[in-house]
Amino acid sequence: MDATEHLETLRRRLNSVFDETIANGQLTGNSHYYATCLFELGQQLEDHAITNLIKTVAAQLESATLFASFGLYRQAFSALRLALELGLGASYFSVHRLELSEWLDGRGDISWSKLIDEDRGALSPRVAKAFFPELTKETQQFADNAKSLYRELSEFVHGNYETWVDNGLAISFNTAVYQRYHDKCKEAFEIILFTLCCRYLKDLGEEKRDEVDFIKDEFSHLGPIRKVFGGPEDF
């Protein structure tokens with residue numbers, strides 16, 4: 001089999017997996033919804049650099065789902081990890097402008113340890129107290145969730161043995177792994193959305209809040225966020 005025939009065989013396998021994937025449209029629709037929500041939130045911000053970064057986050061989520069749709073699950077989890085990094089990075093860079101400038105011109109990298117730093121990180125109580133004090137007590141749980149998710153996604157990036165057992169080498173549809181991807185996509189979305197709410201939600205005027213009213217549904221269990229949208233803080 002020459003290279004062209006080999007690639008044609010792979011293409012047919014990918015298309016076959018894609019056909020099986022779209023038969024489960026609800027999950028794919030959910031992940032597209034997550035990307036759309038983050039994109040819309042980014043459009044409400046006046047900080048163009050951060051808006052563009054959040055647009056990249058949304059694009060990474062879409063890319064991750066595209067990979068998953070063709071059975072390229074390892075690539076999907078890797079892209080999802082990048083979306084998580086960039087999502088927290090949007091908040092982190094918004095308050096560390098020098099590091100943002102260095103990153104934009106290629107002199108700096110995104111450091112996960114900085115993003116989750118307990119004093120200066122995107123989900124630190126210090127950041128919440130500065131921009132949304134009422135959410136301060138919630139930050140630790142989301143920080144713990146972010147660390148756990150990042151660690152799990154990194155197993156696919158680094159090629160841990162158990163990920164080969166689950167994912168395999170052949171291109172094929174795997175219901176369990178596909179479901180797992182979408183579970184992790186939902187977790188990433190919630191973490192990123194909460195992080196951006198801590199940083200920006202109180203800065204949005206009523207008109208712009210109306211454009212992102214999906215937030216009140218996603219975090220209906222958080223009284224301070226309900227209050228921002230005109231609801232009761234306590235039930």
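In the predicted model, the crossing of α3 and α5 is left-handed. The two helices pack at an angle of about 60°. Their axes lie 12 Å apart. An angle of this kind falls in the oblique range, so α3 and α5 are oblique to each other. On the α3 side, the contact is made by Ala49, Ile50 and Leu53. On the α5 side, it is made by Arg97, Leu100, Trp103 and Leu104. Six of the residues in this contact are nonpolar, none is polar and one is charged.

Helix α5 spans residues 97-104. Glu102 is found in this helix. Its relative accessible area is 24%, and Glu102 is therefore partly exposed. Leaving out residues up to four places away in sequence, Glu102 touches Arg107 and Gly108.

Helix α3 also packs against α4. Here the angle is about 165° and the axes are 8 Å apart. That angle makes α3 roughly antiparallel to α4. The crossing of α3 past α4 is left-handed. The contact of α3 with α4 divides into 17 nonpolar residues, six polar residues and no charged ones.

A further partner of α3 is α10. The axes of α3 and α10 come within 11 Å. They cross at roughly 170°. The cut-off for a roughly antiparallel pair is over 145 degrees, and α3 and α10 are therefore roughly antiparallel to each other. From α3, the contact draws on Ile50, Ile54, Val57, Leu61, Ala64, Thr65 and Ala68. From α10, it draws on Tyr178, Tyr181, His182, Cys185, Ile192, Leu196 and Tyr200. Twelve residues of this contact are nonpolar, two are polar and none is charged. Ile50 of α3 takes part in the contact with α10 and also in the contact with α5.

His182 and Ala64 are 118 residues apart along the chain, yet their C-alpha atoms are separated by 9.9 Å. Both residues belong to the contact between α3 and α10.

Ile191 and Leu84 are 107 residues apart along the chain. Their C-alpha atoms are separated by 8.0 Å. Setting aside neighbours within four places in sequence, Ile191 is in contact with Leu84, Leu88, Leu123, Phe142, Asn145, Ala146 and Leu149.

In soluble globular proteins, nonpolar side chains tend to be buried together. The largest nonpolar core of this model has 65 residues. Those with the most contacts inside it are Leu38, Leu88, Leu193, Leu201, Ile215, Phe219 and Ile225. Several helices each supply at least two residues of this core: α2 (25-43), α3 (48-69), α4 (73-95), α6 (112-115), α8 (139-157), α10 (175-200), α12 (214-218) and α13 (223-228). The largest share, 14 residues, comes from α10. Leu88 of this core is also among the contacts of Ile191.

Beyond its neighbours within four places in sequence, Ile215 is in contact with Leu41, Leu193, Cys197, Leu201, Ile225 and Phe229.

Phe173 is set in a loop. This loop lies between α9 (161-167) and α10. The relative accessible area of Phe173 is 21%, and the residue is therefore partly exposed. Phe173 and Leu38 are 135 residues apart in sequence. Their C-alpha atoms are 28 Å apart in space. Neighbours within four places in sequence aside, Phe173 is in contact with Val17, Glu20, Thr21, Tyr73 and Tyr178. Of these partners, Tyr178 is also one of the α10 residues in the contact with α3.

Key:
Residues are numbered from 1 along each chain as its sequence is written. This is a predicted model: local features need pLDDT of at least 70, side-chain atom pairs count only at pLDDT 80 or more; totals for chains, interfaces and linings use all residues. Side-chain values use heavy atoms; hydrogens and water are left out. A nonpolar core is a set of buried Ala, Val, Leu, Ile, Met, Phe, Trp, Tyr and Cys residues joined through side-chain atoms within 4.5 Å. Buried means under 20% relative accessible area, exposed over 50%, partly exposed in between (1.4 Å probe, protein chains only). Helices (H or I, at least four residues) and strands (E, at least two) are DSSP runs, numbered from the N terminus. Contact means heavy atoms within 4.5 Å. Axes are lines fitted to C-alpha atoms, for helices over the stretch in contact, and angles run from 0 to 180 degrees between N-to-C directions. Angles under 35 degrees count as roughly parallel, over 145 as roughly antiparallel, 65 to 115 as roughly perpendicular and the rest as oblique. Ala, Val, Leu, Ile, Met, Phe, Trp, Tyr, Cys and Pro count as nonpolar, Asp, Glu, Lys and Arg as charged, and the others, Gly among them, as polar. A crossing is left-handed if the near helix is turned anticlockwise from the far one by less than a right angle, and right-handed if clockwise.
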